[in-house]
Amino acid sequence: MEDQTLEPHPDRLLPADPGVRAIARRLHDAVAGLPIISPHGHVPARWLADDVPFADPTALLITPDHYVTRLLHATGAELSTFGVGEGPLDEARSRAAFRAVCERWGVFRGTPVRYWFENQLADIFGVGLRPAAATADRIYDAVAAALATEPFRPRALYERFGIEVLATTDDPCDDLSAHALLRDDPTWSGRVVPTFRPDRYLEAALPTWNDDVDRLAEVSGTETGDYAGFVAALEARRAFFVEHGAVSTDHAHTDTRTDPLEPHEAERVFTAARRGEVSAADATALRRHLVAEMARMSCDDGLVMTLHPAVRRNHHLPTYERYGPDVGTDIPVAVEHTDGLRPLLNRYGTHPGFHLVLFTLDETQFSREIGPLAGFYPSVYAGAPWWFLDAPDAIRRYRAAVTESAGFAKTSGFIDDTRAFCSIPARHDLSRRIDAGYVAGLVAEHRLDEDEAYEVLHDLVVTNPRKAFKL
Amino acid sequence: MEDQTLEPHPDRLLPADPGVRAIARRLHDAVAGLPIISPHGHVPARWLADDVPFADPTALLITPDHYVTRLLHATGAELSTFGVGEGPLDEARSRAAFRAVCERWGVFRGTPVRYWFENQLADIFGVGLRPAAATADRIYDAVAAALATEPFRPRALYERFGIEVLATTDDPCDDLSAHALLRDDPTWSGRVVPTFRPDRYLEAALPTWNDDVDRLAEVSGTETGDYAGFVAALEARRAFFVEHGAVSTDHAHTDTRTDPLEPHEAERVFTAARRGEVSAADATALRRHLVAEMARMSCDDGLVMTLHPAVRRNHHLPTYERYGPDVGTDIPVAVEHTDGLRPLLNRYGTHPGFHLVLFTLDETQFSREIGPLAGFYPSVYAGAPWWFLDAPDAIRRYRAAVTESAGFAKTSGFIDDTRAFCSIPARHDLSRRIDAGYVAGLVAEHRLDEDEAYEVLHDLVVTNPRKAFKL
Amino acid sequence: MEDQTLEPHPDRLLPADPGVRAIARRLHDAVAGLPIISPHGHVPARWLADDVPFADPTALLITPDHYVTRLLHATGAELSTFGVGEGPLDEARSRAAFRAVCERWGVFRGTPVRYWFENQLADIFGVGLRPAAATADRIYDAVAAALATEPFRPRALYERFGIEVLATTDDPCDDLSAHALLRDDPTWSGRVVPTFRPDRYLEAALPTWNDDVDRLAEVSGTETGDYAGFVAALEARRAFFVEHGAVSTDHAHTDTRTDPLEPHEAERVFTAARRGEVSAADATALRRHLVAEMARMSCDDGLVMTLHPAVRRNHHLPTYERYGPDVGTDIPVAVEHTDGLRPLLNRYGTHPGFHLVLFTLDETQFSREIGPLAGFYPSVYAGAPWWFLDAPDAIRRYRAAVTESAGFAKTSGFIDDTRAFCSIPARHDLSRRIDAGYVAGLVAEHRLDEDEAYEVLHDLVVTNPRKAFKL
């Protein structure tokens, strides 16, 4: 069989109807060149601080990307085949892993993984061949050759991608040294901001919690022996993050309840937890209270608060035990916001300057809870469809579900939330194309005039994320 | 910048595909002129009874419409800016409020609020300008001038809108004097029917409950000291409503459980509640029992029973405390019908003549519960998509989710459920357009012949609401 | 009025957009003639074993089809009108029942029942008239005349339909004599396989349970006095099913929890249940444990495990008491898989050769749980949309919700799950048409190349069901 070519079509992802497509194409053209704003993600700041070349195609594109490896695992391959948990691979194994992906290319049909990957290959690496057993080595060689050159070093790619701001996700005790290096580097003109992610410090039943809280004391220079000190230490670290450019905090717990505790209750549970004697129920109560406390602190220090709930982490324990977290075995669960966030919103929902961006993996919330909440509370923004929902059809459903009650202004703009650096342009462009198609549909149905449609697209790409994340 | 014009397109809201649109246009043309049947809503009967001119554009179109004000609030404006909670506004403040809306017109992009509002302006008031800061005063003037003329008095508009029947929503103790005035007025040929809405009388834990039940005794002339008297008083008031033309009752509680209590249990809880000593759990149990009792009464007196559950009222208490209810701070919650309604349906679900119309704000129920229930129980009708779901994309989802298991015959027909009188024609027309598009899609995919499609559209517009609501 | 004709359009169910339709038509053409693989359904094996002619049009097409009768019931007709619960009908009553359906033909507009029924009439029976009061007798006569001929006997239809394999659903104590007859009949070249459906044996609180477990002992020749014997008896019956060609087991319980019990706990609850002294909670715990045990047995004997949860059976008890089960009064409920299946998947989810096919009536699970689970666990397949969701719009939603996280490879292929034998070709063809349309949409939006689209369609029709069900 002849090799299949790879040529991303200029009209890809635009609606099939010729009339709507023509409008969508005009709208997309108008925003295709705008900068990328990435206010939430997982690319390490160290990559840009040190600017060392990427190791090899597999280590860059495959091993760390659980979107890729989980689906291959689902069709029968071991995660280790793709380098997961294997440490640095030698050239032969790296190449074999890359080939193993290309051979199974059909598995990705219909998924955004396929779309992102092919667009990276074509647009960034100039590859013109569709991945397959017969083309794997040539593609590997082309990518490897490119990675050895100056234009493919992290900072050069950051420039080329047109990134205006890139957020990382960081432990409260992180020294943010990579961020500081970048800030102080006169040759660097980009913007990489940390994000305060305190989950583990809020879950007093975790076996690591006491050590974490000890470390928090050490790093913050604030005693965490009692509840007041613990709160002060968190506040100190938030201030440290703000000094280093942070604009937001992120929170990912099982539920989104935010019931406050009476001060003496919070003190009692905290003290018991410090003695290692906390009940599961008390630890949960304390965490819900602390999430509300994070909102209070946001009112004080201005950090935007984002929630990424509704996922059972490490669903398959044997995989977690062998490979650790973030390897594709997290599975969503249902969640609810209306009652859960009510205590928080009653206290802080109309506080001037407070921003709360709500993400979910439970689509039922879009029209039932998130749209209505964002359509009333000035603080609430509907977060972009995330993770399993960051895909063409899901984004369309999101817009159709949220827009009618919250409009466009109360949506966060696109969030890539990725650790796959080279996929960032493809992900943002996918979002722009799908949004262009949705808005073009409104124009075609005479629900919006075309002059306004241009403004909407521009807002979604740059104005909304700048506003929601105070950039 | 030049002012933008406002010209609703004749094909607005019809599907973009030219072939489907042509069919949809024919279907819409066939029903566009049919009368408006509005079997559930919130327009005060007093307006039509007294027929006094509307005060001013803001008082008519903005202040009472929480769809408009909630979204402006969400983008940072105080509700008071738009006259909410401010009492009658003088001309300067009314004009300023109107301008404040026009200036923020972009907030409504993609929402039905925008659609309804623009269609009112164009079709009812002949306004040809898109709202904006620059056009606000001219639009205000045009609307104000119109409102001062005879053709814009309530009865004239009722005629002009082609309303066949309009339902109000009323407290069981209401004397229905406005309805009586209309009924006895030989110069009035319309039909305005009350709706029996007893929620507060069924919730024994409300602080107002004992006073309400006292008033019920007074108004009904029936002692409400014991449970039997209470039930008799409710029956008496239902009979009074029937005499005044009522065709339905409406119920909006947190859940839809309908578990019956043993008579002595109902008596025990009622008696405790009358002493002010009811537990929250008992009050809930009594309410669930009473909702089932309402179904029993419907079997006796023929009133159609409608349920509007799944909403947390007054979610933001500070707003409620300042502005009262119905100002846009109600937020939906998940709800379930299959188990909750089972006791009621096992008793009354096949009773001849019993009708139960199920609304929801939780879309997940459409294909999972409401379609299957309406597709088996002769009494059950799938209520139209309501409130946050009364919008183009949501109505399409509703039809796609309900039709395959319940067909068209078991859907209620459109319900506007509005207090925004002038939006009624635009709301009904929106529904007709979206339904025309959905049915045209079936024709285009050869799932329905076009001769039948005309019948379906006609049924949805007039036959179904007449049948579901016994009009 | 002239009689309306019935002529299924060659492009029926394909997308309306001309460009997408042209692609979809090519894709459908490529798979329209492929064999039918039906790995889960309810057609009695006896029909094919005995090959006796079908009795009459009503007994074949109407009375046993709860999709047809439930919707007629919902619009006011008694189930008995259509022969439900009436035993064999004489010719006059059979004809009257058939006419009663045709008279109410409009009730089915927009439903798949209409589509299946009309396609059966046209394609199998050569009827060219749309059902209506005026055409009912002629259609009845045409169908009755056909049924009296050789080409309409069950085996001839099986051949004509192009069925490659047909699964039945059977009680563990069934002697599978019809399957044995077919297996041993040299004149029969089809493949009819039993399915092991042990629900009632796993629910120890059912009043029939002790008798069932006694019968299990008798049939298996294994004592079921203690828990170990009970398990051994189930294993023996599974082995018997395997000998008779079974490829799968099926399980339909209220929830899908699979928490294991300690051996002594399982023994304790089983023993109490055998004494008739089990609590509802203990019976539920035992059932959850036993469902996980079924997965363990599947790892041993290779039977594919399928789950069909999320339905409240016999919702309307008066109907159940008069007519029995499976007459259309089952109503779906919400269900969850992420936490419920976690114990089972942690034990067996990556076992080589274990297959678990997940069906649901709760669409919210598709993107939230089923897609992500099938996109990680090699054992998990996303079952086709089932029952109320086996319909054009619902199948489209399923593909849009599942494909982006699980691709195509981890979906089961179409499952007809029907007892309406003559509807099988129409049901499979409907699925092929809708899938062709979905995949054509991907091609039109340049998300998939057309050469791959042919492979995808072919996989969905034959490769996937063969693989998921080990055929």
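How are helices α12(C) and α13(C) oriented to each other? Their axes come within 9 Å and cross at roughly 90°, and the two helices are therefore roughly perpendicular to each other. By the convention used here, angles under 35 degrees count as roughly parallel, over 145 as roughly antiparallel, 65 to 115 as roughly perpendicular and the rest as oblique.

The structure is a predicted model, in which local features need pLDDT of at least 70 and side-chain atom pairs count only at pLDDT 80 or more, while totals for chains, interfaces and linings use all residues. Residues are numbered from 1 along each chain as its sequence is written, chains are lettered from A and ligands numbered from 1 in the order in which they are written, and side-chain values use heavy atoms, with hydrogens and water left out.

The arrangement of the chains may be considered next. Contact means heavy atoms within 4.5 Å.

Within the chains, helices (H or I, at least four residues) and strands (E, at least two) are DSSP runs, numbered from the N terminus. Two packed helices are described by the angle between their axes and the distance between the axes. The axes are lines fitted to C-alpha atoms, for helices over the stretch in contact, and angles run from 0 to 180 degrees between N-to-C directions.

In chain C, helix α12 spans residues 227-243 and helix α13 spans residues 263-274. Their contact is made by Y227(C), A228(C) and F230(C) of α12(C) with A266(C), E267(C) and F270(C) of α13(C). These residues divide into five nonpolar, no polar and one charged; Ala, Val, Leu, Ile, Met, Phe, Trp, Tyr, Cys and Pro count as nonpolar, Asp, Glu, Lys and Arg as charged, and the others, Gly among them, as polar.

In chain B, helix α11 (residues 209-220) and helix α13 (residues 263-274) have axes that come within 9 Å and cross at roughly 105°. They are therefore roughly perpendicular to each other. W209(B), N210(B), V213(B) and D214(B) of α11(B) meet F270(B), A273(B) and R274(B) of α13(B). This contact comprises four nonpolar, one polar and two charged residues.

The strands complete the picture. In chain C, five strands form an open sheet in the order β4-β5-β6-β9-β10, with parallel pairing. Strands β4 (195-196) and β10 (380-382) of chain C stand at the edges, each with a single partner strand, so one side of each is left without a neighbour in the sheet. Two strands pair if DSSP finds at least two bridges between them. Three bridges join β6 (residues 304-307) to β9 (residues 356-358) of chain C, and T306(C) has V357(C) as its bridge partner in β9(C). Helix α17 (residues 364-374) of chain C packs on this sheet and touches β9 and β10 of chain C.
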